[in-house]
Amino acid sequence: MAPVELVRLLDLLLTLFDAHHPEISIELDPRGFSAEWALVLAAAHVTRVSLGVQTFAPHIQQAIGRIQPLSHIERVVAGLRLRDINAINFDLMYGLPGQTLADLDDTLEETIRLAPSRISLFGYAHLPHMIPRQRQIDASNLPDHKLRFEQAWRGYERLTEAGYVPVGFDHFALPSDPLADAAREGRVSRNFQGFTEDDSPVLIGIGASAISRFPDLIVQNEKRAGVYRDLIAAGQLTPVRGVVIDADDRERRRIIRELLCQGNACLEAGWLRSAHTALAAFERLHILRWDDDRLVVEDDGLPYARLIAAQFDRHRGAILRDDLERLPSICAGSTTNGA
């Protein structure tokens, strides 16, 4: 996309949605960044920029086919700050081919020095059957599960020691960032983009493959850009697949969201027996504990939060709800009334 195309798109969207004071964030590939882009983003009142950094290790960049020297990232950050765009996010990754703890340490050290306001530290998922470009990556030297966990924990230690506030299980924010405020106040939410302070129940996805979320529905647009454009030109709706969210899904979503965002969740009576059984191994390892009907992830169990929450997923988890045992919840602060 050329800079002028972005300006035209934003102008159209802000006009159609009557957005007078929008918060505009954008994800950029640092390799395509230029001084012209910095000027355009500032003129378009972009308030936050996310950069796909991944790693600063040259040999790992070579392995994943993403060459972007540290000096280039430094120029991108300096160019954004020169235009008063100071809300900058780095997307980092662990579990990359050939990545050692020392490699991750070096990347974390340079990241802390550059001081982005937010950092996402994601685990690399090698899925060549779903992501064709990954077929070019040699998976023979991927870190094993033990090393992946050590890398995730090292990232948590280094970033929190540097003053970043942990948000969820893989996001970090400087204390002055709005996401850190949301974490301290228990207002963190989660959507398809990760952890956020935006708790809107509606997310409208525009563009090929974009996903829209509503309280009772999730839909995804046509993935193929050409077909998507044809649908638009014909005046047709672009979603081609979707899932209706029923009451059971909504309750599971609440539990999962609270576990991931707040580290604890209140369970109604119908969930307790199955949950205690499915999570017994985590409890024996002191990864979680029970306070009556509230499930609490221990601080040291944070890296396991996603695995714990996944047990409540209808399709992937092991926890069932016994409707015959459902009773009004007595857990203080529960977001449901047990009805």
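Predicted model: local features only at pLDDT ≥ 70, side-chain atom pairs only at ≥ 80, totals over all residues.
1. What does Asp-105 meet? Its side chain and that of Arg-154 come together in a salt bridge, with 2.5 Å from N to O. Arg-154 sits in helix α6 (residues 145–161) and Asp-105 in helix α5 (residues 101–114), so this pair ties together parts that are 49 residues apart in sequence. Arg-154 has 24% relative accessibility and counts as partly exposed.

2. Now for a pair within one helix. Asp-181 and Arg-184 form a salt bridge whose closest N and O atoms are 2.4 Å apart. Both belong to helix α7 (residues 178–184), and because they are three residues apart there, about one helical turn separates them. Asp-181 is partly exposed, at a relative accessible area of 28%.

3. Is Glu-185 buried or exposed? At 53% relative accessibility, Glu-185 counts as exposed. Glu-185 forms a salt bridge with Arg-187, and here the closest N and O atoms are 2.6 Å apart. Arg-187 counts as partly exposed, with 38% relative accessibility.

4. Salt bridges can also link up into a group. Asp-246, Asp-248, Asp-249, Arg-252 and Arg-314 are joined in a network of them. The count for the model comes to 21 salt bridges.

5. Next, have a look at the strands. Three of them make an open sheet in the order β9-β10-β11, paired in the antiparallel sense. β9 (211–214) and β11 (239–244) are the edge strands, each pairing on one side only. From one strand to the next, the twist averages 15°. Between β10 (residues 217–221) and β11 there are five bridges.

6. Finally, the second largest pocket holds about 390 Å³ of space. How many residues line it? The lining has 19 residues, and those nearest the pocket's centre are Cys-261, Gln-262, Gly-263, Asp-299 and Leu-302. By type, the lining divides into 12 nonpolar, five polar and two charged residues.

7. Which elements build that lining? β5 (165–167), α9 (247–261) and β14 (294–297) each supply at least two residues to the second largest pocket. Helix α9 gives the most, with three residues.

Key. Residues numbered from 1 in each chain as written. Heavy atoms only, no water. 1 Å grid on protein atoms, 1.4 Å probe; cavity = no way out; pocket = protein on both sides within 12 Å on 5 of 7 lines; lining within 4 Å. Points joined across faces, edges and corners; volume = space filled by probe spheres on them. Helix = DSSP H or I, 4+ residues; strand = E, 2+ residues; numbered from the N terminus. Nonpolar A, V, L, I, M, F, W, Y, C, P; charged D, E, K, R; others polar. Pairing = 2+ DSSP bridges. Axes fitted to C-alpha atoms, helices over the stretch in contact; angles between N-to-C directions. Salt bridge = Lys/Arg side-chain N within 4 Å of Asp/Glu carboxyl O. Buried < 20%, exposed > 50% of the residue type's maximum accessible area, 1.4 Å probe, protein only.
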